[in-house]
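Take a moment with the sequence and the 3D view before reading on. We will walk through the fold one piece at a time.

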Amino acid sequence: MLKGPRGLIVTLLGAALVIAGAIVFGFQGQKGDADISRAFLTHMAAGEVAEAHDLLHPTISERHSAGELATLLRGMEPFTEIRFPSISFSTVNGRRTTEFNGSGTTASGCESDLEFHLLNGEITFFDITPLCLGGATDA
């Protein structure tokens, strides 16, 4: 065991590596979760309901069919810009939770508040308020 100044340096370097690893791991998961949230919005606006439904956590997708999701978000206008300035994430016992709050703007100028909660990269909750209509429909 190192003592004195060398021991302190080794301890500080070790702690810095552990903290850096935790930050890198967390931010990588966070970026992937943001991409999943954006993909969900893009699929729904394009009428690709099955693809969007596949991004939901099983606790949600088993209770709500792709048809129900299509009815809920029918005619959603695509967002030209999506921003998530408020991000919260944690990893506890191998479970990564991420929460995003932000906004999306459509080509027509409609702006929605967006909120997404994810568990290990799967959407457990989403809110799009107001829902900007004008996109794809199945009619």
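**Starting from the sheet**

Four strands make an open, antiparallel sheet, in the order β1-β2-β3-β4. The model you are looking at is a predicted one. Begin at the edges of the sheet. β1 and β4 stand there, and each has a single partner strand. One side of each is therefore left without a neighbour in the sheet. Now look along the sheet for its twist. From one strand to the next, the twist averages 15 degrees.

The chain has 4 helices and 4 strands. Read from the N terminus, the elements run α-α-α-α-β-β-β-β.

Now follow the pairing of the strands. How many bridges join β2 to β3? There are 9 bridges between them, and the two strands run antiparallel. Move on to β3 and β4. These two also pair in the antiparallel sense, over 7 bridges. Here His-117 has Phe-125 in β4 as its bridge partner. β3 and β4 form a hairpin, with 2 residues between them. Look at Asn-120 in the turn: its phi is positive, at about 50 degrees.

Turn now to the interior. Buried residues make up 33% of the 139 residues in the chain. In soluble globular proteins, nonpolar side chains tend to be buried together. The largest nonpolar core of this model has 24 residues. Which of them touch the most other members? They are Phe-40, Leu-41, Leu-69, Phe-116 and Phe-126. At least two residues come from each of α1, α2 (49-53), α4 (66-72), β1 (79-92), β3 and β4. α1 gives the most, with 6 residues.

Zoom in on Phe-126. Leaving out residues up to four places away in sequence, Phe-126 touches Phe-40, Leu-56, Leu-69, Leu-72, Leu-73, Glu-115 and Phe-116. Contacts that span the sequence can also be counted over the whole chain. Take the contacts with a separation of 6 or more. Residues 24 or more positions apart account for 53% of them.

Helix α1 covers residues 4-45, and Ser-37 is found in it. Is Ser-37 buried or exposed? Ser-37 has a relative accessible area of 0%, so Ser-37 is buried. What does Ser-37 touch, not counting residues up to four places away in sequence? Its contacts are Phe-84, Phe-100, Phe-116 and Leu-118. Phe-116 is also in the list for Phe-126.

Val-49 gives a view from another helix, α2. Its relative accessible area is 15%, so Val-49 counts as buried. Set aside the neighbours within four places in sequence. Val-49 is then in contact with Met-44, Ala-66, Leu-69 and Ala-70. Val-49 and Glu-68 are 19 residues apart in sequence, and their C-alpha atoms are 9.8 Å apart in space.

Arg-96 lies in strand β2. Is Arg-96 buried or exposed? Arg-96 counts as buried, because its relative accessibility is 17% and the cut-off for buried is under 20%. The side chain of Arg-96 has a polar contact with the side chain of Asp-33, at 2.8 Å.

Finish with the disulfide. A search of the whole structure finds 1. Which residues form the disulfide? The pair is Cys-110 and Cys-132, with sulfur atoms 1.9 Å apart. Cys-110 lies in the loop between β2 (95-106) and β3 (111-119), while Cys-132 lies in the segment after β4 (122-129). The pair therefore ties together parts that are 22 residues apart in sequence. The link is left-handed, with -80 degrees about the S-S bond. The two cysteines can also be compared by accessibility. Cys-110 is partly exposed, at 24% relative accessibility. Cys-132 is buried, with a relative accessible area of 2%.

Note on methods
Residues numbered from 1 in each chain as written. Predicted model: local features only at pLDDT ≥ 70, side-chain atom pairs only at ≥ 80, totals over all residues. Heavy atoms only, no water. Disulfide = S-S within 2.5 Å. Buried < 20%, exposed > 50% of the residue type's maximum accessible area, 1.4 Å probe, protein only. Contact = heavy atoms within 4.5 Å. Core = buried A, V, L, I, M, F, W, Y, C linked by side-chain atoms within 4.5 Å. Polar contact = N/O pair within 3.5 Å; in protein donor to acceptor, adjacent residues only side chain to side chain. Pairing = 2+ DSSP bridges. Axes fitted to C-alpha atoms, helices over the stretch in contact; angles between N-to-C directions.
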